[in-house]
Amino acid sequence: MNSQLKWKFVLILIVLVVCIYGVIGQPAFPTSLAQVKDNIAKRIQLGLDLKGGSHLVLQVQLEEAIGQRCDEAIDDLTKQLHDKNMGFGEIRRIDDTNILVRDLDTNSSGAFRDLVTNQFPDWSMAPAAGETNGYQLTLKPSVIADLRQAAMNQTLETITRRINGLGLTEPTIAFTGRGDDEILIQLPGVGDPAAAKEVIQAGGQLQLVRVAEGPFRSAAEALAQHGGILPAGTVIVPGKSDSAGPSKDSGQLFYILDRIPIVTGQDLRSADANPSTEMPGQYEVDFKLSTTAAARFGPFTEAQAAIGGRMAVVLDHQVYEAATIQSRIEDSGRITGSFSQESAQNLALVLRAGALPASIKYLEERTVGPSLGADSIREGVRASLGSIIVVMIFLVIYYRLSGVNAVVALALNLVILVAFMAYVGAVLTLPGIAGVILTIGMGVDSNVLVFERIREELRNGKVPANAVSTGFDRAFLTIIDTHVTTVVSAVFLFLFGTGPVKGFAVTLVIGLIANVFTSIYVSRAIFDFHLSRMDRQAQLSI
Amino acid sequence: MEFFHGVNVNWMGKAKYFVILSLLLLAVGWISIFRTVFVKHGTLYGIDFRGGTLVYVRFAGPAPIDQIRKGLQQAGLSNSTIQGISDTRSVGSQNDVVIGLEQGQSNESLDAGKQRILDVLQKTFGAAGSGKPDFNSVSAPAIAADLTRKDPLSLGAAAGDRYTQLAARLLSARDTDHGGIVTSFDQIKSVEGATPTVVNSLASDFSLSSFAIRDAEIVGPKVGSQLRRQAILATLYALGGMLVYIAFRFEWVYGAAAVIAVFHDVLITLGFFSLFHFEISLTVIAALLTLVGYSMNDTIVIFDRVRENLRLMRRESFPDVVNKSINQTLSRTILTSGLTFLTVLVLFLMGGEVLRGFSFAMVVGVVVGTYSSFGIAAPIVVVWNKYYGGQGNPIRAGSAAEKRAVVAAARR
């Protein structure tokens, strides 16, 4: 064996050792067969379709976050115009990003323009079409983009905190899709996502608000108290709807509350579920406020207690409790409302994790039971092994000793593929197994291409050494062309495909790269080794 | 051993028969597609692409399909579909069913359909009125919590995570050894650590229904159309990428011919899908793309040989060169295709229900993909060459650098 060939084998050996170590040698060096099995299970990450679990795609209703900004601007603008004594007919919301101001006093136009330019820099202003002295304010596109981005980031962070709070193992939470408003959540091992979905979806917007008036039997009744127009800075909020009965009107109450809350969910220091002291068997959520919020809350409650004022606990725009303030409250409060232990714990978790900036909607939900996953692995592995064995037997029969060479190359191809997946942490999915099977097919093709070419050269009268060398050289271009074409298409699949298609592309690309190495480099080295030990004119077993 | 050596077939002389064969294959499949879409107003798309709900249920014995159908109809789910499946575990007896439901009202929550199906199943087949959780659908933490609370092994504070491990073993026995469904608590007695007291404790706290949910998929309408668009785009981009690569390596007409050939393969395979009532899902798209790669592979092997032979056989006519190239690579073509066909056939037979659509596409695709290389792609290049390439003057193939590489390779 010449030294060049020796180095080839050293390199191949190193690759082999590194690959085998990558699959079975980590995280702890194995000392028993059971440990080897354990290591393999740890190193090869399985996709949800193989290990079971839940896959959710949800859409963040971003227009809500934008609409909220619009409402805030309307409130603010109305207040400013009142304060500055500028008369106007009406301020109306056209849609989430447009506000119409009608019939502005003709002599206030200049002051109004100044006001918008200075105080509302997020809005652009233009005379409204078809109005004599009306203006249309439009939210600037750059502001909308920032708002969307911020809302998405906040949603992702909030959901992550909530799911971590549930104590689930290895969840995946990530942006997904092309719409820029979708989030993917994968929960391995969760067979029924209902409970997790509820926690994820909960709004979690807590507010402590002064009660102006109420309760009323209906929203109309509340309005009628004020001749159809609510006092400035107040809003009608429904009480917690009684989910127990279908008779909606019986228990539903309405309150007139201040629009600006004293304390919001952001002011919470902690929230915990505890058994209710008054209602045995029920649970309540107790919370504590941060020091800055307590500094506001203490004086407020003291002042209200003196005049018999009332305060409401509002969660997700529903009044959970409205009670008279008895005395100064420093920094603690509670939410009651016939909670079970689980629902109280979930609410406490949601409050701790923070509110969602906008509501969410589920778009896709897939749950794979653990038994189906186990079956898929078994069947996938069995089918792969079955086809490998069939192919290998055929290769040995058809190409004899050279077939053994091909079998070695194929086996090494698979070892490299598996090891590479372990090293880069690629996830094996069901379509991924299909990709493995295809890799086998391409591996066989490369070997067959080379061997048929060698046979041709032998038929043309070349001695084995020359035939092998020419065969490899001639087949090389073809192998590169076929592999590059397939890799090109696999890369596009990876970039533009979704879930299963991606898993397929990953294994295919890794497998094909390994294949070029084994079917050209390794296979050739074995041929050269064999040729170096046999007589130059002897027949090649092919 | 050697087959197909020294074959000398005039492939290009038979080109018109290939065209007729292709048109026939296309017609058969696409008549079926048109029938499905326009006459029956159905769709080829699976729920991945059209949206809807799919619940995959396993029963302890043969699935009582009539009873399920009755239950679903009583619940007002008359637009549901039920399909029995025989699994590799229970060959000959259909223990599994897939219940499908069309997209519900848009104002309903996404999982409303799934909940209704589950309600029907629970009402019809559940351990009615026991109020105990179902052992066949319970999760490992729930079992561990129950065991820790009851402490049947009297471990007390020393229990540690032993009950957690026991729960994991119990569920692994349920899911792996019994295919996800336990019919009697006696079946888990063989699990390590499951002493009679443990089993009795479980039996008193859990019920056993006669079914288990194996898989549930819900795809909203928006996601459905989005996935559809994405799949089509991915395919077109992949085809475009290959076209560019082949045009760069050969001549543009070779790239165009190869792309037309694989397009032909995809169309025929889609036709067969409709003919055999398979639905197009995300995995099937992966299969279609695989067959695109595979068919392309096959075409390139022949084109590579044509390019090489054009330099060696300067006197022969272009169709002869192509014929010779196909004949020279025929042995390789048939071997590789045969082996790949075998592989996907094994996958089709042994790969289980989930991979059925994928492997079917591959079984059809391998055959069509191999055929299209010499039956469609090669004739296109020959015909183009006849009209635009000039007789007896083979078109220039490959770049200058390419030629140098080949000449160098030939010298070695």
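This is a predicted model: local features need pLDDT of at least 70, side-chain atom pairs count only at pLDDT 80 or more; totals for chains, interfaces and linings use all residues.

Student: Why are α12(A) and α11(B) called roughly antiparallel?

Tutor: Helix α12 of chain A and helix α11 (residues 318-350) of chain B pack at an angle of about 150 degrees, with their axes 9 Å apart. Angles over 145 degrees count as roughly antiparallel, and therefore α12(A) is described as roughly antiparallel to α11(B). The crossing in which α12(A) passes α11(B) is right-handed.

Student: Which residues bring α12(A) and α11(B) together?

Tutor: From α12(A) come A:E379, A:R382, A:A383, A:G386, A:S387, A:V390, A:V391 and A:F394, and they meet B:L339, B:L342, B:T343, B:V346, B:L347 and B:M350 of α11(B). Sorted by class, this contact has 9 nonpolar, 3 polar and 2 charged residues.

Student: Why are α3(B) and α4(B) called oblique?

Tutor: Helix α3 (residues 65-74) and helix α4 (residues 112-125), both of chain B, pack at an angle of about 120 degrees, with their axes 9 Å apart. The roughly perpendicular range is 65 to 115 degrees and the roughly antiparallel class needs an angle over 145, so α3(B) and α4(B) are oblique to each other. Their contact is made by B:Q67, B:I68, B:G71 and B:L72 of α3(B) with B:V120, B:K123 and B:T124 of α4(B), and these residues divide into 3 nonpolar, 3 polar and 1 charged.

Student: How do you know that β18(A) and β4(B) pair?

Tutor: Pairing requires at least two bridges between the strands, and β18(A) and strand β4 (residues 211-219) of chain B have 5 bridges, in the antiparallel sense. As an example, A:E364 has B:V219 in β4(B) as its bridge partner. Within chain B, β2(B) pairs with strand β3 (residues 96-101) over 6 bridges, again antiparallel, and there B:T81 has B:G100 as its bridge partner.

Student: What makes β7(A) and β2(B) the edges of the sheet?

Tutor: The open sheet has 8 strands in the order β7(A)-β8(A)-β2(A)-β18(A)-β4(B)-β1(B)-β3(B)-β2(B), with antiparallel pairing. β7 (172-176) of chain A and β2 (80-85) of chain B each have a single partner strand, so one side of each is left without a neighbour in the sheet. From one strand to the next, the twist averages 20 degrees. Across β1 (52-59), β3 and β4 of chain B lies α4(B), which runs at about 25 degrees to β1(B).

Student: What makes up the side of chain A that touches chain B?

Tutor: In the contact, 61 residues of chain A face 66 residues of chain B. β18, α12, α13, α14 and α15 of chain A each supply at least two residues, and α12(A) gives the most, with 17 residues. By class, this side of chain A has 31 nonpolar, 19 polar and 11 charged residues.

Student: How do you know that domains 2 and 3 of chain B touch?

Tutor: Residues count as in contact when their C-beta atoms lie within 7 Å, and the contact takes 5 residues from domain 2 and 6 residues from domain 3 of chain B. The assignment places domain 2 at 52-125 and domain 3 at 140-210, and 28 Å separate their C-alpha centres. The side of domain 2 that touches domain 3 divides into 3 nonpolar, no polar and 2 charged residues.

Key: Residues are numbered from 1 along each chain as its sequence is written. Chains are lettered from A and ligands numbered from 1 in the order in which they are written. Axes are lines fitted to C-alpha atoms, for helices over the stretch in contact, and angles run from 0 to 180 degrees between N-to-C directions. Helices (H or I, at least four residues) and strands (E, at least two) are DSSP runs, numbered from the N terminus. Angles under 35 degrees count as roughly parallel, over 145 as roughly antiparallel, 65 to 115 as roughly perpendicular and the rest as oblique. Two residues are in contact if their C-beta atoms, placed from the backbone, lie within 7 Å. Ala, Val, Leu, Ile, Met, Phe, Trp, Tyr, Cys and Pro count as nonpolar, Asp, Glu, Lys and Arg as charged, and the others, Gly among them, as polar. Domain bounds come from an automatic or database domain assignment. A crossing is left-handed if the near helix is turned anticlockwise from the far one by less than a right angle, and right-handed if clockwise.
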